[in-house]
Amino acid sequence: MAIVSTRLFGLCLASALLASAGTAMAQGVKVVRFLHNETDPPSMAFFNKAIADFERLNPNIKIEMESVSTDGRLQKVTASMNAKTMPEVFKILAEERMQFARKGYLVPLDNMVASIGANDYLDDLIVKVDGKIYDVPYTINNFSVLFYRDDLLKAANLTPPKNWNELKAAAQALNKGDVNGFVLPAGQNRATSLYLASLVWSAGGTFFDKDLKVTFNSPATVAALAFMKDMAAVSPKGIAAYSYGDMINVYLTGKVALDLYAPRLVATGYDTVPAVATQTKAVVMPVGPSGHAVKFISPNSFAIASPAVGAKNTAEAQKFLEFIVSGERLRDLSLTVFPHMIPPLKSVQAMVIDAAKDKLGGGSNPAELGKVSFDLSNSMSFEDEAGASWVDGKLVKAGLDNPYIGAIVARHIPAQVVQRVLINGEAPAAAAAWGAQEMQKIVDDLKRSAR
Amino acid sequence: MRNLTSETENRAIAALALLPSFAILLVLVALPTFSVALYSLQDVQMGEAAHPFVGFENFLWAWNYAPFWNALNNTLVWVFGSVSLEMVIGVAVALMLNRNFVGRGIARAVVFAPYLIPTVVAVLVWRYMFHDVLGVVNYFLLKAGLIETPVNWLSSPRVAMTTVIIVGVWKFFPFVVLAILGVLQAIPQDQYEAAKIDGASEWQQFWRITLPHLMPIFLLTALLRSIWTFHKFDIIYLLTGGGPVGSTTTLPVLVYQKAFADFEIGRAAALALITAFVLTLLLLLYFYLSKQVEARQ
Amino acid sequence: MADLELRQISKQFDRQFAVKDVNLHVQDGELVVLLGPSGCGKSTLMRLIAGLESPTQGQVLIGGQDKTPLRPKDRNVALVFQSYALYPHLSIYENIAFPLRVRGVPSKTVDAKVMWAARLLDIERLLQRKPRHTSGGERQRTALARSLVRDPAVFLLDEPLSNLDAKMRHAAREELRSFQHQVKATWIHVTHDQTEAMGLGDRIVVMDKGRVRQIGTPGEIYRYPADTFVATFVGSPPMNLIAMDDHILGFRPESCLPTAYFENEIDLFKVAFRLQRAEYLGNETLLYAIADAPLPSTKMIARIPSTLRLDVAQGERYEFAVRRSDLRYFGTDELGAHIDRHLDAIRA
């Protein structure tokens, strides 16, 4: 009797489990994996809240979030693509989109953008690859805001510089005692590459022309390198090893007078060293020898991976993505690091400036800092700079797809050019020539393997 | 007849017992090595599906690749500089710890601490300490009047290798202390007493008694440290990333950069094989030299 | 060679005295044995002479000069360790040459001296070998040679025969003695073996618990022990000690013989006992007995040479005798010092 009932019990248990499993599958709790690199605590808090809100509204979708460091992101993405374990939603940089899209690693997002409102996006932000949209920006970083110590400038009777000569003069005048006049990046990293890019553009040159030929070796590049060399002389000696964080930290020790940098500086400063941050004001980037100043902006986008590289619930992923990159969520995201995270939607920009009144400790004028930071006129990035030109005092982009720039930047070629000049003491002309040569090698390599 | 069966049985059992270890070695060592060797003969890019066979092109590329020779040079400087300092400091500290003094237990714990701290943690802390503006090293050196301007520990191509060696030596000299101390404590005390009575000074005792006793373990430790230092990746990568301007890029760092930053796996594999080859040459040289030393003894 | 004098030497470790109040004068060329059980302080005393330890009190004089503050290498003493302490990585030749090389003696002189010492100790054919390829005896001779090349003032040897097997010890004892005579060395020999001490020493220093119990020739120590410790430590089997009313009576087993043996001698002391066991050893027979009235019941041993015919039975009572001149008297206190009761007790 006992044996029979044990067997019966076992059978019942098994069928019950199978039934419940079956029901679960039928109900389908869909998991959407989400990879990003906004690892600072306010951003993490924002994402956690946004995810909780979304899951409440969509009880059959579960979001699994994973964060990674800025430097480690590309590696993780590439490795996941290779292993076909890509998360559904992931952070993508502009210079990566074309390569990934053309290989079929991304899902088109035209419907989603239409739903948000394509016209609400700032000009030139939405970029199509072969007629389709594959990534949507959630924030823009402006790397070319000139921050300065108002107290130090006033004490030296200086006004905020408007061009390179004035900037150089002011930095040299303020470079005394243990205060450095300036600080700029010179490590072998993306920060240095983009710094050089904005200076080359402001000197009237570009890396590639409208025929996608390498035009890196130009008088503009030489001028930009010479300028960086002069400015390095009044910067801390350790810049060759500085990362993003180091530049901020050094400025916040109070030992730097002028800093052409991203507004994250101010956001961090108000949290950690208000004494220095409250003395900091901002103006638009000084113009270069071409008479113009071209800012480097970095749109940060999310994309959705395709099943070809292992993504599964792409429809649910789109729902989640739309949720976090628009409306009030976008406003909240932008406010986590004000004024560094610039919302790409015009409607949200207004919301942010409005809500920012009590940010930054209410001290110095947040609206003013916000306005300077949000000024994205005459700005470019790596992937859309090819063949840009000036028409009637306005920067006009050629709208070309540059398939080579991603690899060039990933190998830190522009950064290496800067290091050759600043650390090895190589002549700017020779370094520019070397840089162009290396870029050409990569172009040839890519052309060869594309065949 | 019965004996034969148990013989085969024994062999079978032996083979079975070895099977797990063999399997692990096969999967974790043999297969990857074979894959790398294969990759070195192919054009492998991360993300590309096709791996066309290119023969020795990758090796030829390495031969003409200036950063490769730079990395080779850096590796030799790194290994020789680190290991020689580690051995000298290690022996000196072991000799000191071999004496009886108050607080010896604490002294030993302090000496071994660097070896026990996780590399990543230690190196990151050192990175902050060596910062030119924010770091404590420059701060104390300036305060003590030993330097006049801050030293660019991590950002000057001339200084960076020294910095990296300092951190490497700091981390691993305790290993040398450990090895040497063991042997030191096994040297019979009465040999020193006999030498004392015979008139030997402290230095003579060290040179004529301690050192000959230490020589075998000294050489072995130097060999092991050399091999491990040759392969050391994390200290250099975390401290300087191989920079500035490649001044601290050693062969392992270069292989990593080529494979996981430039995504050129085939070329990286070729570099890795060349690295292994260089190391083998060094080992042969070491064995030859140590035979000479032993013969003279 | 020189003479060695120890004045009021004491050595304390923590609270314990390893050596207390030792006074000793060793003549130039004399062989003195430090004898005692383990822990008696003989090795410590030797190390004090060598300079490996510093005395808490007292002085060490060599050749009339105070060497107490000097380091071992400046005292010109040679110490042969129990383990010989040869350098394993050097050849026998280089081991012997070591003291000379360390003092920077020119190679030619080194060679001459090493060959001379090796010849003296008959180890010439071993010179190219390493210590691990030699026997115990050969290593000892190497250690001696190493000491010899320095022309030391004093030779110190720490239990040199303990590492040799029993058969070798006899021959080695002979060799050591003849070596010492040949070289005319002032020689301190440490041992716990009293037979060895008796056979070797010109004089013996008996030590126990850090103190010197008696210094004397083998004859003095054997026949006129200074206290009960010396009486029982020296001589095998030990002296019989019987506790009387106010003193301890002592007589050696070989002094206790059947009364008949003594024929007409007067001045005999009667010793009656009951036999427990007789042990026939070939050259002698040991009688293990318990003393009987009028003596208190105490264990004792009588020693009968085989040249004396004797038939004994277990359990029987026998009456033996001891010459009164062979009796010794000791105090009942802890020290058990000898009491001089007889007018005709002569110190030789």
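**Exercise 1. Find which residues A:Val129 touches, leaving out residues up to four places away in sequence.**

Solution. Begin with the rule that two residues are in contact if their C-beta atoms, placed from the backbone, lie within 7 Å. Applied to this predicted model, the rule gives A:Arg97, A:Met98, A:Ala101, A:Arg102, A:Tyr134 and A:Asp401 as the residues that A:Val129 touches, once residues up to four places away in sequence are not counted.

Residues are numbered from 1 along each chain as its sequence is written, while chains are lettered from A and ligands numbered from 1 in the order in which they are written. Because the model is predicted, local features need pLDDT of at least 70 and side-chain atom pairs count only at pLDDT 80 or more, whereas totals for chains, interfaces and linings use all residues.

**Exercise 2. Decide whether A:Val129 is buried, exposed or partly exposed.**

Solution. A residue is buried if 20 or more other C-beta atoms lie within 10 Å of its own, exposed if 12 or fewer, and partly exposed in between, with C-beta atoms placed from the backbone. A:Val129 has 17 other C-beta atoms within 10 Å, and therefore it is partly exposed.

**Exercise 3. Describe the side of chain B that touches chain C.**

Solution. First take the count, which is that 13 residues of chain B are in contact with 17 residues of chain C. Then look for the elements that give two or more residues to this side of chain B, and they are helix H8 (189-198) and helix H9 (202-231) of chain B. H8(B) gives the most, with seven residues. Finally, sort by class: this side of chain B has five nonpolar, four polar and four charged residues, where Ala, Val, Leu, Ile, Met, Phe, Trp, Tyr, Cys and Pro count as nonpolar, Asp, Glu, Lys and Arg as charged, and the others, Gly among them, as polar.

**Exercise 4. Work out the order of the open sheet of five strands in chain C and find its edge strands.**

Solution. Two strands pair if DSSP finds at least two bridges between them. With antiparallel pairing, the order is S13-S17-S14-S15-S16 (chain C). Strand S13 (257-258) and strand S16 (299-305) of chain C each pair on one side only, and they are the edge strands. Inside this order, strand S14 (residues 268-280) and strand S17 (residues 317-323) of chain C pair in the antiparallel sense over seven bridges, and C:Leu268 stands opposite C:Arg323 in S17(C).

Conventions:
Helix = DSSP H or I, 4+ residues; strand = E, 2+ residues; numbered from the N terminus.
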